[in-house]
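Please have the model open as you read.

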Amino acid sequence: MQFQALPDDALMKMARREPEAFAVVYRRHADVVLSYLLRRTGSIELASDLTAEVFAAALVSSRQYKAGPYPLRAWLFAIANHKMYDAWRRQRSERSARERLGMRELAFTEDEYEAAEQRIDAERQGDELWSLVADLPPDQREAVLGRVVDDQDYAELAGEIGHTQQTLRQRVSRGLASLGRGLREGTSR
């Protein structure tokens, strides 16, 4: 179905049944709502977060939306004002609590944000890697974990597992190659 040609009111009626209908509403109005919130808050981070909240609330409330004399955008701005007020109220409450407790507000530098993002990315990649390790055939997984994670030498590992060093070398090699392919495929998505 071609949703782009439909008016906002029709799209809102369809939003719960047809996700693409709400996606069209979002694409039509997200930039305007973001600009409005940015002008009001002065913070791109807060404006972006609030824009997401506005459209989440709009989707949840789509069944209650009733077409009226005002355009959908006015309804979205009303939601934006409520979300902005809630955010300011939370900030004021947090500020008051910090003052009562004698705590200062933590402000992060751009470098600190970047370092945190790098740690998060490393954790995600680590989680992905362990998932890939778990997917290896059992013989390769055992060889890779023994050699790479436990840092056992091939002779020690071969005696423990009961296979030749050559067999273990092949299993480690194949397992690592499989992990490398899996990580490359995961980062190219």
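## How H2 meets H3

Let's begin with a pair of helices in this predicted model. H2 and H3 lie oblique to each other, because their axes cross at roughly 140° and angles count as roughly antiparallel when over 145. The axes of H2 (residues 19-41) and H3 (residues 44-60) come within 8 Å, and the crossing of H2 past H3 is right-handed.

## Who makes the contact

On the H2 side, the contact is made by Phe22, Val25, Tyr26, His29, Ala30, Val33, Leu34, Leu37, Leu38 and Thr41. H3 answers with Ile44, Leu46, Ala47, Ser48, Leu50, Thr51, Val54, Phe55, Ala58 and Leu59.

## The largest nonpolar core

Now for the largest nonpolar core, which has 27 residues. Which of them touch the most other members? They are Phe22, Val33, Leu37, Val54, Phe55 and Leu76. Helix H1 (8-14), H2, H3 and helix H4 (72-101) are the elements that give two or more residues to this core, and H2 gives the most, with eight residues.

Leaving aside residues up to four places away in sequence, Val54 touches Val33, Leu37, Leu76, Ile79, Ala80 and Lys83.

## A second core

There is also a second, separate core, made of seven residues. Among them are Tyr154, Ile161, Leu168 and Val172.

Methods
Residues are numbered from 1 along each chain as its sequence is written. This is a predicted model: local features need pLDDT of at least 70, side-chain atom pairs count only at pLDDT 80 or more; totals for chains, interfaces and linings use all residues. Side-chain values use heavy atoms; hydrogens and water are left out. Axes are lines fitted to C-alpha atoms, for helices over the stretch in contact, and angles run from 0 to 180 degrees between N-to-C directions. Helices (H or I, at least four residues) and strands (E, at least two) are DSSP runs, numbered from the N terminus. Angles under 35 degrees count as roughly parallel, over 145 as roughly antiparallel, 65 to 115 as roughly perpendicular and the rest as oblique. A crossing is left-handed if the near helix is turned anticlockwise from the far one by less than a right angle, and right-handed if clockwise. Contact means heavy atoms within 4.5 Å. A nonpolar core is a set of buried Ala, Val, Leu, Ile, Met, Phe, Trp, Tyr and Cys residues joined through side-chain atoms within 4.5 Å. Buried means under 20% relative accessible area, exposed over 50%, partly exposed in between (1.4 Å probe, protein chains only).
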